[in-house]
Amino acid sequence: MRKPTTRTWISLTVAVVAVTGGLFYVDGHRVSAAPHADDPKCDKVISRLPDDIPGASRDWALGDGVASWGGQKAVFRCGAEELQPNVNLCVTADGVDWVLDEARLKRDGVSVLRTYGRSPAVEFTYSGPREEVGGILAALDPAVKWIPQQRKCIGLDDAATVL
């Protein structure tokens, strides 16, 4: 049996480093999927998302029903759990109601918004300045807006007339 040459060891080391580096690279682009990401509507939503949002370009993201921009500064997940009526802040951008997870914003400083009244629900997480969220939602809304809206957010004044 021949003893491996230095060239063989170098080649083997380079191959191991390349494979290991590739795995870390791929893992760095993995985004955890929402619980209902297998909903067929999610494929359509993801295909309609823009390549760019204000201040960031779309990343190469791995995961079902997911997209990200700016090195995962902005993450989009289709197939999130649908929200029940709640008292969190609801903003409407171009006809799409988004509910802000106020506890997460206070605790982590991260804006997490979920569509309200649409199935499948969509969750958007943004770790940048809060002032930028409105412009980003406006860029994302065309991809989400075609999902039929079954319920709408109502304000405190509206609640009095409903009750």
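The model is predicted: local features are reported only at pLDDT of at least 70, side-chain atom pairs count only at pLDDT 80 or more, and totals for chains, interfaces and linings use all residues. Residues are numbered from 1 along each chain as its sequence is written, and side-chain values use heavy atoms, with hydrogens and water left out.

**The whole chain**

Begin with a cartoon view of the protein, which contains 5 helices and 8 strands. Helices (H or I, at least four residues) and strands (E, at least two) are DSSP runs, numbered from the N terminus. Followed along the sequence, these elements give the pattern α-α-β-β-β-β-β-β-α-β-β-α-α.

Next, switch to a surface view. The protein exposes about 10000 Å², of which carbon and sulfur atoms supply 57%; accessible areas come from the Shrake-Rupley method with a 1.4 Å probe, and for residues only the protein chains shown count as cover. Of the 163 residues, 34% count as buried. Buried means under 20% relative accessible area, exposed over 50%, and partly exposed in between (1.4 Å probe, protein chains only). Among contacts with a separation of 6 or more, 58% are between residues 24 or more positions apart; a contact means heavy atoms within 4.5 Å.

**The disulfides**

Select the cysteines. A search of the whole structure finds 2 disulfides, a disulfide being a pair of cysteine sulfur atoms within 2.5 Å. With the bonded cysteines numbered in sequence order, the pairing is 1-2, 3-4.

Centre the view on Cys42 and Cys78, whose disulfide has an S to S distance of 2.2 Å. This pair links distant parts of the chain, as Cys42 belongs to helix H2 (residues 40–47) and Cys78 to strand E4 (residues 74–80), 36 residues apart. The torsion about the S-S bond of Cys42 and Cys78 is about -80 degrees, and the disulfide is therefore left-handed. Cys42 counts as buried because its relative accessibility is 0%; Cys78 is also buried, with a relative accessible area of 0%.

Move to Cys90 and Cys153, which form a disulfide with their sulfur atoms 2.0 Å apart. Cys90 lies in strand E5 (residues 90–93) and Cys153 in the loop between helix H4 (133–145) and helix H5 (156–162), so this bond ties together parts 63 residues apart in sequence. Here the S-S torsion is about 85 degrees, and the disulfide is therefore right-handed. Cys90 is partly exposed at a relative accessible area of 25%, and Cys153 is partly exposed at 22%.

**Backbone features**

Most residues other than glycine have a negative phi, and most peptide bonds are trans.

Select Ser119 and Pro120: the peptide bond from Ser119 to Pro120 is cis, with omega near 10 degrees. Pro120 is placed in the loop between strand E7 (111–115) and strand E8 (121–126).

Then select Gln72, in the loop between strand E3 (66–69) and E4. Gln72 has a positive phi of about 70 degrees although it is not a glycine. Its relative accessible area is 30%, so Gln72 is partly exposed.

Finish at Asp94, in the loop between E5 and strand E6 (96–100). Asp94, a residue other than glycine, has a positive phi near 50 degrees. With a relative accessible area of 48%, Asp94 is partly exposed.
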